[in-house]
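Trainee: Please take me through this entry one contact at a time, with the cut-offs.

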Amino acid sequence: VQLQASGGGLVQAGGSLSLSCALSGRTDEGYDMGWFRQAPGKEREFISGISFADYIYYGGSEKERFTISRDKNTVYLQMNSLKPEDTAIYYCAASSTAIHPTHAWEFQYWGQGTQVTVSS
């Protein structure tokens, strides 16, 4: 199983970005998929997840500005009203065993990460 994330970049505060992550390889299983981010000097933080049955759940306060969705084995993260503190490397992840996972250790597969930089 491989995850390929894309869509990061540089954006001004208040702007929007859309990330996508495509899962390939063994696609006959059902995967819960999620997004994490890691800022310099900080721990990896869970943002949001979506189950293979499209149940959506969020980890913190970003649900007001971030929206997760999926189309089969591609997961998206729409980020609006971005702030400088959203600057981080964003990672997608997938699990075929955990139910509604929120911890990094619950995810078996990880994308390579995509940099999001929000300028003030």
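**Strand pairing, disulfide and rings**

Mentor: Tyr76 in E8 is the bridge partner of Ser69. This is a predicted model, in which local features need pLDDT of at least 70, side-chain atom pairs count only at pLDDT 80 or more, and totals for chains, interfaces and linings use all residues. Residues are numbered from 1 along each chain as its sequence is written, and side-chain values use heavy atoms, with hydrogens and water left out.

Trainee: In which strand does Ser69 lie?

Mentor: Strands (E, at least two residues) are DSSP runs, numbered from the N terminus. The run that holds Ser69 covers residues 66-71, and that is strand E7.

Trainee: Over how many bridges do E7 and E8 pair?

Mentor: Two strands pair if DSSP finds at least two bridges between them. Strand E8 spans residues 74-79. Its pairing with E7 is antiparallel, and the count of bridges is 6.

Trainee: Which strands stand at the edges of the open sheet?

Mentor: The sheet has 4 strands with antiparallel pairing, in the order E1-E3-E8-E7. An edge strand has a single partner, so one of its sides is left without a neighbour in the sheet; this holds for E1 (2-6) and E7.

Trainee: Is Ser69 buried, partly exposed or exposed?

Mentor: Buried means under 20% relative accessible area, exposed over 50%, and partly exposed in between (1.4 Å probe, protein chains only). The relative accessible area of Ser69 is 31%, so Ser69 is partly exposed.

Trainee: What is the handedness of the disulfide between Cys21 and Cys92?

Mentor: Both Cys21 and Cys92 are buried. The torsion about their S-S bond is about 60°, so the disulfide is right-handed.

Trainee: What kind of aromatic pair do Phe46 and Tyr57 form?

Mentor: Rings of Phe, Tyr and Trp (its six-membered ring) pair if their centres lie within 6.5 Å; planes under 30 degrees apart count as stacked, over 60 as edge-to-face and the rest as tilted. The structure holds 8 aromatic pairs. For Phe46 and Tyr57 the values are 5.8 Å centre to centre and 20° between the planes, and the pair is stacked.

Conventions:
A disulfide is a pair of cysteine sulfur atoms within 2.5 Å.
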